[in-house]
Amino acid sequence: MNKKRVGVVGLATAAALAVSALAGIPAQAANRTIVIWADDERGPALKKFIEAPNSALAGYTVKVTTYASYDALDSAWKKASAASAPDIMFHPVGEAINAAKSGRAMPFVLSSDAKRNLSSTAIKYGQYNKQQYGLPLDVDTTAMYWNTKFGDAPKTLADFAAAFDKAKAAGTATVGLCAGDGVWGSLPFITAVGGGAWGYAKDGITPDPSKVLVNSAAAVANIKKYFIGANGKGTGFFAWDGWDGCGQKWLDGKAMAINTGSWRAVATAAAKIDYELMAVPTIDGKGTSRAWAGFGGAFITSYAKDHNVAVGAKRLINWLSTEQGALKYATALNRPPAYKGIANQVSKVAKGIATVGNQVGALQENALLGDNTGGANWYDVMGDAYKAIFTNGDDVEVTLDKAAKILSANFKAGFAKR
Amino acid sequence: MTSKFRKSLALIAKFVLLAITVGILGNMAYLAYLANEGLMGTVLAVLAVGAILIYSTPRFTASKFFYPGIIFLLLFVITPVIYTAVMSTYNYKDGNLITKDQALTQLIDVTGIVPDESGVSYEYIPGRCKGELAMLLKNIDTEEVSLACDSRVTPLAEGQYTIDEFGVPTGAEGFTAFVGDEQFAYDEEIANLKFKIEDPAADNRYIRADGAGMAFDAIQTLTYDAEKDELYNTVNGLTYVNNGNGNFVNPNNPDEKIFPGWRQLNPAQNYAKILTDPVLRDPFIRVFIWTIVFAFTTVVMMGFVGLLVAVALDKRIRFRNIYRGLLILPYAMPSFMSILIWAGMFNRDYGAINTLFGTDLDFFNNPWSARAMLLIVNLWLGFPYFYMISTGALQALPTDLEEAAALDGATEKQIFFRIKMPLVLQILSPLLIASVAFNFNNFNLVYLLTKGGPTNVLDGETAGATDILITYAYKTAFAGAEQNLGLASAISVIVFIIVGIVSLWSLKRSKVLEEVR
């Protein structure tokens with residue numbers, strides 16, 4: 001190799017190494033940037049305040065990455081490696097437990113504000129092996145928005161069904177009750193007709209996996225009586241195809257009610273729909289329906305250590321867990337806050353949902369709902385059951401018995417892993 | 001432009017391109033090592049060095065042309081295949097994602113140190129004492145101040161420490177608080193800082209830093225015996241043994257596992273599971289059969305329609321060029337858009353097909369209509385390609401064969417089926433085979449159109465009627481509540497082997513790989 005060529009090679013190598021070294025330093029380590037991942041609702045809400053200078057985070061900068069949907073966020077998180085992963089995830093708090101079991105989350109100590117403001121249920125929701133992995137910040141639950149153009153809100157589900165039949169005949173409504181968040185948000189309907197997911201132990205809180213309620217005699221009888229038409233298929237009263245399905249009919253004023261959370265209040269207001277917030281009434285107006293209540297919030301990923309921002313991430317969580325931080329989050333997000341002390345400082349809708357949630361909230365046990373030992377999880381089983389009964393016209397009792405068989409296996413296995 | 005100038009310009013361009021390429025490869029290698037992806041890092045580093053060696057000397061002329069292809073082949077084909085094959089031999093799933101060393105570190109240093117029942121907590125400032133990391137602590141309840149230094153916690157009397165106007169301790173004798181950015185250099189250490197509490201009644205008590213200025217009294221609940229490879233719980237006295245499958249378990253109740261576990265090498269486990277576990281085996285066989293039927297049927301349909309249109313437009317007809325232009329449109333349009341449009345057209349409630357024919361067909365809810373839908377949409381997407389290839393092949397056929405046959409009295413039909421068709425098929429064979437291999441893994445079509453459904457969940461089905469092996473593998477890995485990457489990798493390896501065998505067999509049968517003599 002002649003001198004000239006050696007020079008070129010040397011120069012090329014040096015330049016390459018320089019480019020490599022410059023571009024190779026991970027941004028998070030170089031700038032002490034705490035990277036947050038959030039979905040399309042929490043991301044924009046966080047951006048409103050969390051990237052601003054904060055004395056509690058001196059020396060760190062915060063960057064929020066927003067994903068187009070919850071599913072996109074969840075998928076990205078599942079595939080994330082140390083090189084790409086965030087330092088803090090905003091997610092349903094239950095996911096913090098899964099992450100902890102996989103060694104992907106870091107524990108932290110709850111601030112005194114958090115201990116004072118959070119219920120024991122909320123604190124426990126974010127714990128695994130006696131350590132706090134998830135910080136509950138908002139309550140993920142639903143209420144029924146009744147479109148007041150259809151008159152006074154019904155006192156019973158039976159009245160509601162009758163009102164729907166009339167409205168449908170008159171061509172003013174095509175859907176009675178829309179589960180605006182798909183199968184997840186359909187629990188109020190199935191409990192209102194006398195069914196449900198699982199029973200409870202004597203304490204009224206601990207699930208009893210041996211009691212599967214979905215195929216209760218009352219549920220079977222009431223569905224047949226009120227919601228099956230002459231053709232053996234659904235009357236159209238109940239729709240479970242979520243926001244992109246019956247949710248659009250709600251915005252068009254063609255659905256009499258939608259069961260969803262505060263996250264649909266803005267779109268509903270934009271559609272100029274006047275509504276009343278309430279719980280889905282039961283068939284006879286006695287007792288209450290139930291709606292899943294989980295907690296949304298944040299957890300620190302174990303990758304924060306790889307990015308050398310573990311301390312900063314803990315400080316950020318610590319700040320968010322103060323009343324000041326929690327209030328900023330709750331105000332920006334417009335969901336019922338998990339913090340008792342700020343419950344009255346949020347929007348009217350968030351307060352309304354919280355009021356209903358206090359009456360009907362049933363703790364969302366992800367270990368039981370997500371288990372698929374029986375073949376498929378709660379969401380898939382119930383989605384298929386609704387389709388079989390209301391779309392295909394399959395026998396209600398046979399269908400719900402099949403569902404119960406699968407769910408029984410799921411609940412037992414899920415409870416054991418809980 | 002003089003020759004010398006051109007040479008200099010070429011040399012500079014070469015240098016810039018080489019620097020950029022090596023820079024990118026080097027950067028990627030560095031990031032791969034940072035992410036503990038040693039294999040990928042090594043491959044990238046070797047490729048970077050290879051690029052310098054090959055393009056900096058006048059030798060290796062042939063390699064200069066092959067090397068870019070080799071880079072992409074290694075990065076995007078061979079390395080992922082190796083990774084997938086290796087992953088398939090591990091019990092690699094949620095709860096068992098990290099290495100055993102990482103799991104042990106997590107179990108001992110994180111999961112295994114829990115706040116004790118007393119709930120005692122502290123505010124602290126980090127700093128240095130006797131050259132080591134230390135904490136100046138203030139008990140939140142009693143406001144007593146102590147210094148955690150040199151593996152011990154020493155209570156400090158008033159006067160032995162200084163406080164600020166908020167009552168927060170700021171310094172003590174022998175302790176130097178971190179100033180400014182100093183603490184950032186010890187991020188990980190501060191996040192995991194712990195000091196033993198001298199307690200004659202228990203030797204498992206610590207003060208543990210939370211990292212964010214808080215600390216708490218903690219108990220070391222798990223200890224590890226490396227010799228026996230066992231975990232001991234200091235609170236309930238239970239011993240947890242290695243179950244050989246990535247978890248420490250209670251020997252009296254093997255279902256009681258300690259998390260996190262680790263990814264354990266178990267080469268045959270995932271493959272055996274596919275073959276023996278009825279929950280996996282039965283859907284796997286069904287999906288396997290449908291994958292083969294789909295791949296072959298769809299290619300035959302595309303090839304047939306493409307050829308048919310090519311023959312029709314081979315004749316001189318009016319507006320032939322317009323037809324040809326229009327026929328390329330389905331191919332020119334991004335396939336994901338076409339698929340989503342088709343999905344909308346087949347929608348039961350608002351789809352164009354039901355609206356047009358006044359029907360109420362639920363295409364997505366019936367296994368046979370869903371399968372037919374897949375074939376129709378894939379035909380739409382794929383026939384223009386075969387039409388173009390067939391047109392080219394027809395135009396390339398030597399006309400003297402046709403003329404000779406006509407002189408010998410062959411009919412037009414005979415000329416087409418006995419002369420043109422065999423020649424065209426010979427040209428199309430490798431493309432048909434490649435297309436079968438492609439459709440074996442046509443993930444986009446299935447996932448965007450039917451998501452593999454319909455799935456009769458209530459009758460215990462875990463795979464959908466239109467799932468093909470690759471969507472089934474994806475669902476196994478990512479779509480369920482639990483990710484099972486090892487199992488999904490095993491399915492992918494099986495798909496790879498099947499596609500490889502089918503392709504090789506077909507290529508051999510079609511003799512397209514034989515050298516022209």
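In the predicted model, 50 residues of chain B are in contact with 56 residues of chain A. Several elements of chain B each supply at least two residues of the side that touches chain A, namely the helices α1 (3-34), α4 (100-111) and α5 (187-191) together with the strands β2 (113-115) and β12 (214-220). Of these contributions, the largest share comes from α1(B), which provides 11 residues of the side of chain B that touches chain A. Divided by class, the residues on this side of chain B comprise 28 nonpolar, 16 polar and six charged.

Within chain B, helix α3 (residues 61-87) packs against helix α16 (residues 485-510), their axes coming within 7 Å and crossing at roughly 125°. The crossing in which α3(B) passes α16(B) is left-handed. On the side of α3(B), the contact is made by Val81(B), Thr84(B), Ala85(B) and Met87(B), whereas α16(B) contributes Leu485(B), Gly486(B), Ser489(B), Ser492(B), Val493(B) and Phe496(B). By class, this contact of α3(B) with α16(B) has six nonpolar and four polar residues, with no charged residues.

The geometry of α3(B) itself was also examined. At 1.5 Å a residue, the 27 residues of α3(B) should span 39 Å, and the end C-alpha atoms of the helix are 37 Å apart, which agrees with that expectation.

Definitions and conventions: Residues numbered from 1 in each chain as written. Chains lettered and ligands numbered in written order. Predicted model: local features only at pLDDT ≥ 70, side-chain atom pairs only at ≥ 80, totals over all residues. Axes fitted to C-alpha atoms, helices over the stretch in contact; angles between N-to-C directions. Helix = DSSP H or I, 4+ residues; strand = E, 2+ residues; numbered from the N terminus. Left-handed = near helix turned anticlockwise from the far one by under 90°. Contact = placed C-beta atoms within 7 Å. Nonpolar A, V, L, I, M, F, W, Y, C, P; charged D, E, K, R; others polar. Expected span 1.5 Å × (residues − 1).
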